Amino acid sequence: GGGSGEGGGFGEPVLVGDDFGAAPSAVENVEEESGPVDAYAAIAHVDVLQQEPECIRQWREEQTTILAEKDAQAETDHAQWLAQAKEDVDEWYSKRDEHLEKVREGNRSAEEAFIQERDDTAPGHEWERISRLCDFAPKANKCTKDVSRLRSILLHLKQEPLER
């Protein structure tokens, strides 16, 4: 790469000199045997070699500890949220199952009552059974046919059944 001749390109050693006139030392690129390390670790390594001021070093250490604490807190919060979510989902499913069981039980009892009522063949009660199936509330809708005469006949037959 172009520039000052101190290296610094990819694959070249970086030369770092101190302010007291000593010969610059070659610092190889920071790599582990498994491959390149985090870029921030390499930058931190070079910063340490350049003898940064004490106040900046303290600030960097404080920031590192603060960030580590925040990361740990975030992980615990995340774990708590996941646990709470799992509890909420389990509770929702249990309430849903309870509700479904109640509905099923209600449907079973209603079906049994309907079947018993349907199969009840007591003589003389035919018109009562028919009247239970009919809606006798008068409708004020003008778009439908007038069925008031049929309604009155069914009510009369319920009260006074035909005799054979």
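## Order of elements

From the N terminus, the protein chain runs β-β-β-β-α-α-α-α, a total of 4 helices and 4 strands. Helices (H or I, at least four residues) and strands (E, at least two) are DSSP runs, numbered from the N terminus.

This is a predicted model, in which local features need pLDDT of at least 70 and side-chain atom pairs count only at pLDDT 80 or more, while totals for chains, interfaces and linings use all residues. Residues are numbered from 1 along each chain as its sequence is written, and side-chain values use heavy atoms, with hydrogens and water left out.

## Burial and contacts

Of the 164 residues in the protein chain, 5% are buried. Buried means under 20% relative accessible area, exposed over 50%, and partly exposed in between (1.4 Å probe, protein chains only).

Contact means heavy atoms within 4.5 Å. Among contacts between residues at least 6 apart in sequence, 20% join residues at least 24 apart.

## A nonpolar patch

Val89 lies in helix H2 (residues 54-119) and is partly exposed, with a relative accessible area of 43%. Together with Trp92 and Tyr93, Val89 forms a nonpolar surface patch with about 330 Å² of accessible area. Accessible areas come from the Shrake-Rupley method with a 1.4 Å probe; for residues, only the protein chains shown count as cover.

## A loop residue

Ala137 sits in the loop between helix H3 (126-133) and helix H4 (148-159). Its relative accessibility is 38%, so Ala137 counts as partly exposed. Ala137 and Ser148 are 11 residues apart in sequence, and their C-alpha atoms are 9.7 Å apart in space.

Key:
Patches are made of residues with over 30% relative accessible area and no salt bridge: like charges are joined within 9 Å, nonpolar side chains (Val, Leu, Ile, Met, Phe, Trp, Tyr) within 5 Å. A salt bridge is a side-chain nitrogen of Lys or Arg within 4 Å of a carboxyl oxygen of Asp or Glu.
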